[in-house]
Amino acid sequence: MSEVIVVTSGKGGVGKTTTSANIGTGLAILGKRTVMIDTDIGLRNLDVVMGLENRIVYNLVDVVEGNCRMKQALIRDKRYPNLYLLPSAQTRDKSAVNPEQMMKLVEDLQDDFDYILLDCPAGIEQGFKNAVAGADRALVVTTPEVSAIRDADRIIGLLDAGQMRSIHLIVNRVRHDMVRRGDMMSVDDVMDILAVPLIGAVPDDEAIVISTNQGEPLAGTDTAAGQAFLDICRRLLGEDVPLTLPNVSYGLLGRLAGLLKRA
Amino acid sequence: MRGRRTAVLRKKRSGAIAARRLKFLLTADQTGIPPEVLAMLRGDICRVISRYVDVDASGMELRVRCSHGESPGEETADSPAVLYTAIPVRNLRLKGTIT
């Protein structure tokens, strides 16, 4: 039996897809058979972030409608032996699938994988309901901004009402330098406001932009964000990894401060 | 130069402003009480308390917690929503109202 995790946020643009890609990659690196499902029908993106866009033949809707077998639609990521992607359809919309069909789809994958990771679309409509339907646990991604946190709170309320068994928070794009000078809410502030346990904080890291440009997820690489994502994966597996505040250096002074801190 | 500097220092840091605005906003979202009414409730509570002790109204927190994370409107008789407030006190010495 596999664990089914949905990555959601409410607001768009906070890093759901990047988070999904990197957690999927991280779990595969840690030896877990992992499949990532892009549930954003009509706005397919997980494939490009993963750099697998040229290998799509069939998609999620094809599987649901019986146009192909599951095995034909799954793309194996050749860089990681345990990692697969089920891409979304680009030419359809959210109404092409319903929650019952999503639950059936997830059920069909249960025997072959340790982790099933659902990348949820933004919003609280049909697409969200589809993605959440078959999930055992939810990771709510937010950034330390008022709009993202407000939407995360709404999503948490909906997940609670839908009896989601486990909800954890990921605070993305934390700027340590801004937090230090008081111009950004700290991870503690966000946790206090949302009252949901934290599973990890990810620093705002240029390396993410570069990794997305190249279509190569950075989980496990020697970057601040890459390490943060791998730490989240370890915590998902139940390892006790201390929650450290992400520390990316911006400019010379920041780098010096970082060095001093490490010493 | 000096005037500008102290103005910058006196200005509250934007991170704290964001946190305060959010707490207020989420309370309004969760309870369905319009922000305007919530502001009045806040003001009234502050006024009453400050009759007795010296409080810092800008640091006041007002939140509604639904037990077991239930959403508002789903409260039951044994687990009603709870409204709670925390107000920083500047001076705990009682004011001269009780004379």
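**Terms and their grounds**

Me: How do you know that helix α5 (residues 99–109) of chain A and helix α6 (residues 126–133) of chain A approach one another, and at what angle do they cross?

Reply: In this predicted model, the axes of α5(A) and α6(A) come within 8 Å and cross at roughly 35°. The crossing is right-handed. Residues count as in contact if their C-beta atoms lie within 7 Å, and Pro99(A), Met102(A) and Met103(A) of α5(A) meet Lys129(A), Asn130(A) and Ala133(A) of α6(A). By class, this contact has 4 nonpolar, 1 polar and 1 charged residues.

Me: What makes strand β7 (residues 166–174) of chain A mostly covered?

Reply: A residue is called buried if 20 or more other C-beta atoms lie within 10 Å of its own. In β7(A), 7 of the 9 residues are buried, and the strand is therefore described as mostly covered.

Me: How do you know that strand β6 (residues 137–142) of chain A pairs with β7(A)?

Reply: Pairing requires at least two bridges. β6(A) and β7(A) have 6 bridges, in the parallel sense, so the two strands pair. Arg137(A) stands opposite Ser166(A), and Thr142(A) stands opposite Val171(A).

Me: Why are β3 (75–76) and β8 (198–203) of chain A called edge strands?

Reply: The open sheet has 8 strands in the order β3-β4-β2-β5-β1-β6-β7-β8 (chain A), with mixed pairing. Both β3(A) and β8(A) pair on one side only.

Me: Which helices pack against strands of this sheet?

Reply: Among them is helix α1 (residues 16–29) of chain A, which touches β1, β2, β4, β5, β6 and β7 of chain A. The direction of α1(A) makes about 170° with that of β5(A). Helix α11(A) lies across β7 and β8 of chain A and runs at about 170° to β8(A).

Me: Which residues touch the most other members of the largest nonpolar core?

Reply: They are Ile116(A), Leu118(A) and Val140(A), in a core of 85 residues. Helix α11 (residues 224–236) of chain A gives the most to this core, with 8 residues. Beyond its neighbours within four places in sequence, Leu118(A) is in contact with residues including Val4(A), Val6(A), Ile37(A) and Ala135(A).

Me: How many residues of each chain are in contact across the interface of chains A and B?

Reply: Here 15 residues of chain B are in contact with 15 residues of chain A. The chain B side comprises 6 nonpolar, 4 polar and 5 charged residues.

Technical notes. Residues numbered from 1 in each chain as written. Chains lettered and ligands numbered in written order. Predicted model: local features only at pLDDT ≥ 70, side-chain atom pairs only at ≥ 80, totals over all residues. Contact = placed C-beta atoms within 7 Å. Nonpolar A, V, L, I, M, F, W, Y, C, P; charged D, E, K, R; others polar. Axes fitted to C-alpha atoms, helices over the stretch in contact; angles between N-to-C directions. Helix = DSSP H or I, 4+ residues; strand = E, 2+ residues; numbered from the N terminus. Left-handed = near helix turned anticlockwise from the far one by under 90°. Core = buried A, V, L, I, M, F, W, Y, C linked by C-beta atoms within 7 Å. Buried ≥ 20, exposed ≤ 12 C-beta atoms within 10 Å, placed from the backbone.
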